[in-house]
Amino acid sequence: MSIISDSLKRIKPSPTIAVTQKARELRVAGKDVIGLGAGEPDFDTPDNIKNAAIRAIKKGDTKYTAVDGTPALKKAVIGKFRRENKLKYSLDQITVGTGGKQVLYNAFMATLNKGDEVIIPAPFWVSYPDMVLLAGGKPKIVKCTEKEGFKLTPKKLKKAISKKTKWVILNSPSNPTGAGYLKKEIQDLAKVLARNKKIYILSDDIYEHVRYDNFNFFTIAQISKLKDRTLTMNGVSKSYAMTGWRIGYAAGPKDIIKAIGKIQSQSTSNPSSISQAAAVEALNGNQGFIKKRSNAFKQRRDFVVKSLNRIKGISCLKPNGAFYVFPSCKGLLNKKTKLKTDTDFVKKLLEKENVAVVQGSAFGLDGYFRISYATSMKNLKKAMSRIKSFCESLE
Ligand code: PLP
């Protein structure tokens, strides 16, 4: 009999982390690999945030804190929601965890019973289905096509709802496609959900601050009557280039927030006291970094989309947020190229041209691949030229 639990056997390691690790190994072996797999900004954490952490260490903020976040950070989170999303919350409606990832994991652990369904629009962030499985729930994957802008439609949502549906996940702007939902699109989904009163909504807003072309960001709790049934998750990782600090947070119904805290109290306890002090500065301090950084990302997005669309067999939508694009490689999957799947494409690209990207099937939609353009223009120029050579060599 295996020592490994049945629940762990239901899940797989994160494919995006696997690609990043593979690229790292090849680099150590002396290969000139360009990694376009990682989901983290290449910018450094702003100095005002670093200095707040240093001050916290010097001041002795180095002990346990309240399990689900210091009052100072919870107040900063309340301020953020009020200022940026016109949402009002009280302290007992806020929880802080070790990254948005832990907050989501805790939320599923706290709410899912065996067989409960979670509607996950695909392409999805790789961790959603596995977290749901680990918590004993059932992911209900709804494929959203390129024609639909990779976004969930009210019709598909309606069809996916069953008596067992407990949660619907919305992620805008999205990982892996960068697609952002318009106000009207969210409101149309909300109309369907308003009629199904037992369903809760998990809004993953982690890419809220990475957006372009004056794309107007809205979160469902703000523009619907569903606030009482919505858990809105966000964090400092992507907005403030703080992936390593591990601070994420959520706002929502008191009973869910309390239950999340209970799990945290018996697992990790509080997130790092120093990171929490840094996150207070991130949320309350100067926000100029966000704009500056978004301008740099926009330039990269434009370059990558233009370069990809010039390659025969590849086509790519222009997303309005996050730092990913999700091009189609379907035009190159055929007998002549001897590539059958997106996984073949990605493997060969790494083998032949040392460019690491992630296959679309890992995100629940075959025939595509994800590029993270959170790397320098120099790297992107090199990568695009290698991808072009690779695709042309297939003809
Ligand atoms: N949600 C999405 C869609 C993500 O892409 C990520 C990170 O990649 C997270 C949540 C979690 O981020 P963190 O745990 O760093 O806050």
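The following exercises, each with a worked solution, concern selected local features of a predicted model.

In this predicted model, local features need pLDDT of at least 70, side-chain atom pairs count only at pLDDT 80 or more, and totals for chains, interfaces and linings use all residues. Residues are numbered from 1 along each chain as its sequence is written, and side-chain values use heavy atoms, with hydrogens and water left out.

**Exercise 1.** Determine how helices α5 and α6 pack.

*Solution.* Step 1: locate the helices, which are DSSP runs of H or I with at least four residues, numbered from the N terminus, as are strands (E, at least two). Helix α5 covers residues 100-111 and helix α6 covers residues 127-134.

Step 1: recall that two packed helices are described by the angle between their axes and the distance between the axes. Axes are lines fitted to C-alpha atoms, for helices over the stretch in contact, and angles run from 0 to 180 degrees between N-to-C directions. For α5 and α6 the angle is about 35° and the axes are 9 Å apart.

Step 2: name the contact residues, where contact means heavy atoms within 4.5 Å. Helix α5 contributes Lys101, Leu104, Tyr105, Phe108 and Met109, while α6 contributes Ser127, Tyr128, Met131, Val132 and Leu134.

**Exercise 2.** Describe the backbone and exposure of Arg246 and Lys338.

*Solution.* Step 1: although Arg246 is not a glycine, its phi is positive, about 65°. Lys338, also not a glycine, has a positive phi of about 60°.

Step 1: Arg246 lies in the loop between β7 (230-235) and β8 (248-251). Lys338 lies in the loop between β9 (324-325) and α13 (342-353).

Step 2: apply the cut-offs, in which buried means under 20% relative accessible area, exposed over 50%, and partly exposed in between (1.4 Å probe, protein chains only). Arg246 has 30% relative accessibility and therefore counts as partly exposed. Lys338 is exposed because its relative accessible area is 72%.
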